[in-house]
Amino acid sequence: MRHFDATARKRPVNLTLNEDLVARARQLTTNLSGVVESLLADYVEKSVEARRQREHAVRETITAWNAHGEKHGSIADEYSPL
């Protein structure tokens, strides 16, 4: 699943990159922008998926904690002076 509009117009951006790394990359490809865009798309994809997994884990934990509380009561109830 793409998490960006692949048909959006392209625009120039300024990046500060290691000069030697750029020179070596240019020896390996004639389309450095395409390579960087592909790597950036992969990064976005993985980051969005990791965030989704963390949010899912939090929701599952909350659900489990609430179920435990409904079944056994609050742990704090044992220690509350009220």
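At 42% relative accessibility, Arg-52 counts as partly exposed. Here, buried stands for under 20% relative accessible area, exposed for over 50%, and partly exposed for what lies in between, with a 1.4 Å probe and protein chains only. The areas themselves come from the Shrake-Rupley method with a 1.4 Å probe, and for residues only the protein chains shown count as cover.

A quick word on the model: it is predicted, so local features need pLDDT of at least 70 and side-chain atom pairs count only at pLDDT 80 or more, while totals for chains, interfaces and linings use all residues. Residues are numbered from 1 along each chain as its sequence is written, and side-chain values use heavy atoms, with hydrogens and water left out.

**Salt bridges**

Back to Arg-52: its side chain meets that of Glu-49 in a salt bridge, 2.7 Å from N to O. The term means a side-chain nitrogen of Lys or Arg within 4 Å of a carboxyl oxygen of Asp or Glu. In general, side chains of opposite charge can pair when their charged atoms come close. Arg-52 and Glu-49 both sit in helix 2, three residues apart, or about one turn of the helix. Glu-49 is partly exposed too, at 31% relative accessibility.

How many salt bridges does a search of the whole structure find? It finds three, and here they are:

| Pair | N to O distance | Relative accessibility |
|---|---|---|
| Arg-52 and Glu-49 | 2.7 Å | Arg-52 42%, Glu-49 31% |
| Asp-20 and Arg-24 | 2.9 Å | Asp-20 44%, Arg-24 51% |
| Glu-37 and Lys-10 | 2.9 Å | Glu-37 39%, Lys-10 62% |

Asp-20 and Arg-24 belong to helix 1, and because they are four residues apart there, about one helical turn separates them. Helices are DSSP runs (H or I, at least four residues), strands are runs of E (at least two), and both are numbered from the N terminus. Asp-20 is partly exposed, whereas Arg-24 counts as exposed.

Which parts of the chain does the pair of Glu-37 and Lys-10 link? Distant ones: Glu-37 is in helix 2 (residues 32-72), while Lys-10 is in the segment before helix 1 (19-28), and the two are 27 residues apart. In this pair, Glu-37 is partly exposed and Lys-10 is exposed.

**Along helix 2**

Now for helix 2 itself. It has 41 residues and reaches 59 Å from its first C-alpha to its last, close to the 60 Å expected at 1.5 Å a residue. That expected span is 1.5 Å times one less than the number of residues. After helix 2 comes Gly-73, with a positive phi near 85°.

Gly-34 is one of the residues in helix 2, and it is partly exposed at 28%. From Gly-34 to Ser-74 is 40 residues in sequence and 55 Å in space, C-alpha to C-alpha. Val-44 is also found in helix 2 and is partly exposed, with a relative accessible area of 29%. Between the C-alpha atoms of Val-44 and Arg-9 there are 18 Å, and these residues are 35 apart along the chain.

**A nonpolar patch**

Val-36 lies in helix 2 as well, and is partly exposed at 33%. Together with Val-13, Leu-15 and Leu-17, Val-36 makes a nonpolar surface patch of about 360 Å². Patches are built from residues with over 30% relative accessible area and no salt bridge: like charges are joined within 9 Å, and nonpolar side chains (Val, Leu, Ile, Met, Phe, Trp, Tyr) within 5 Å.
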